[in-house]
Amino acid sequence: MARATGSTFGQVGKSTTRAALGSPWMERMARAGYAARGVVYALVGLLAVQAAAGGRRHPTDTRGALQAIAGQSIALLWLIAAGLFAYAVWRIVQGFLDREHKGTDLKGLAQRAGRVGSGLIYGSLGIAAVRLARGAHRVSGGQSSYQEWTAKLMSEPFGRWLVAGVGIGVIAGGLFQIYRGWTEKFRKEIRLQEMDATERKLAINSGKLGLIARGIVFLVSGWFLIQAALRTDPSQARGLAGALAALAGQPHGTLLLGLVAVGLIAFGAYSMLLARYGRIAA
């Protein structure tokens with residue numbers, strides 16, 4: 001009897017949790033998160049355009065974009081922080097409660113784990129935004145933090161293989177991003193039928209260009225992770241800023257960096273459109 005009662009309470013608790021997380025609040029959190037992500041990526045792209053044009057020494061990453069926002073408006077930075085936390089919660093909920101019905105097979109679990117991982121990354125970015133808003137001059141992260149993380153992972157048993165595995169996973173993610181962009185699979189994420197002709201064209205073009213550019217950055221980052229594993233050298237690892245800098249160092253690097261930078265701005269624009277028109281599995 002006690003066991004049955006406990007089971008009943010457990011089922012009621014789970015049902016209540018799912019009902020709460022399926023409320024309009026979860027959809028609002030997702031939309032706020034898309035908007036915040038869009039602002040951050042658009043700014044990363046703009047700063048990379050400046051680097052390609054010679055106005056900056058180096059491109060920057062998402063934390064560098066937050067520092068740029070902090071230099072202009074603390075109020076906006078607080079809004080971005082709130083949006084990033086909202087996005088983090090939504091992604092983690094997606095992964096744990098399987099709001100997209102990915103299932104429990106190997107592919108489904110990998111996709112759900114990716115949602116949780118994305119949530120943790122954006123949550124850490126939200127923490128960085130809060131620290132900057134509260135007066136920190138700089139936040140941990142960026143290239144040095146990426147290399148420190150690689151070194152720590154490499155120090156574990158089979159660490160080189162772990163780093164190589166992560167690199168392969170990042171490359172796979174990049175290829176998937178490029179595939180989604182090139183084939184326009186992202187169309188199902190957004191309510192194109194509710195847009196006017198101009199918005200529809202902007203959504204399709206920004207989604208296509210943005211996902212391909214983001215995928216290229218993933219490919220470069222994953223390649224450097226594999227190089228770090230092969231050479232047992234964590235300093236070879238590159239995050240977003242390092243990947244952009246590596247593109248700039250190639251033949252015709254200014255053009256390459258400029259194109260990818262424009263793509264990241266496009267990804268930011270597409271994220272902002274998702275904030276209004278996205279299909280949210282809340």
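**Entry 1, the overall build.** I began by counting elements, and the protein chain has 10 helices and 0 strands. I keep in mind that this is a predicted model. Reading from the N terminus on, I wrote down the order as α-α-α-α-α-α-α-α-α-α. Next I looked up burial: of the 282 residues in the protein chain, 45% are buried. The accessible surface comes to about 14900 Å², and carbon and sulfur atoms hold 63% of that. I also checked contacts with a separation of 6 or more, and residues 24 or more positions apart account for 74% of them.

Which residues touch the most other members of the largest nonpolar core? I found Leu66, Ile190 and Leu244, in a core of 57 residues. Helix 2 gives the most, with 12 residues. Another core lies apart from this one; it has 8 residues, among them Leu153, Met154, Ala229 and Ala237.

I stayed with Leu66 for a moment. Setting aside neighbours within four places in sequence, I found Leu66 in contact with Val40, Leu77, Ile80, Leu84, Leu125, Ala128, Ala129 and Leu132.

I counted 7 aromatic pairs in the structure. The one I opened up is Tyr87 with Tyr122, an edge-to-face pair with 4.8 Å centre to centre and 75° between the planes. Why does this pair tie together separate parts of the sequence? Tyr87 lies in helix 4 (residues 74–97) and Tyr122 in helix 5 (residues 106–133), so the pair links parts that are 35 residues apart in sequence. Are these two tyrosines buried or exposed? Tyr87 is buried, with a relative accessible area of 1%, and Tyr122 counts as buried at 7%. Both also belong to one aromatic cluster, formed by Tyr34, Tyr87, Trp90 and Tyr122.

The charged end of Arg28 sits over the ring of Trp25, 5.0 Å from its centre. I noted Arg238 too, which lies over the face of Phe224 at 5.0 Å from the ring centre.

Ser206 is found in helix 8. I looked up its accessibility and got 4%, so Ser206 counts as buried, the cut-off being under 20%. What does the side chain of Ser206 reach? I traced it to the backbone oxygen of Leu202, at 2.6 Å. Not counting residues up to four places away in sequence, Ser206 touches Leu211, Ala266, Phe267, Ala269, Tyr270 and Leu273.

Thr232 has a phi near 50°, a positive value in a residue other than glycine. I placed Thr232 in the loop between helix 8 and helix 9, and at 43% relative accessibility it counts as partly exposed. His252 is not a glycine either, yet it has a positive phi of about 60°. I found His252 in the loop between helix 9 and helix 10. Is His252 buried or exposed? His252 is exposed, with a relative accessible area of 68%.

Key:
Residues numbered from 1 in each chain as written. Predicted model: local features only at pLDDT ≥ 70, side-chain atom pairs only at ≥ 80, totals over all residues. Heavy atoms only, no water. Phe/Tyr/Trp six-rings, centres within 6.5 Å; stacked < 30°, edge-to-face > 60°. Helix = DSSP H or I, 4+ residues; strand = E, 2+ residues; numbered from the N terminus. Buried < 20%, exposed > 50% of the residue type's maximum accessible area, 1.4 Å probe, protein only. Lys NZ or Arg CZ within 6 Å of the ring centre and 35° of its normal. Core = buried A, V, L, I, M, F, W, Y, C linked by side-chain atoms within 4.5 Å. Contact = heavy atoms within 4.5 Å. Areas by Shrake-Rupley, 256 points an atom, 1.4 Å probe, with all protein chains shown as cover. Polar contact = N/O pair within 3.5 Å; in protein donor to acceptor, adjacent residues only side chain to side chain.
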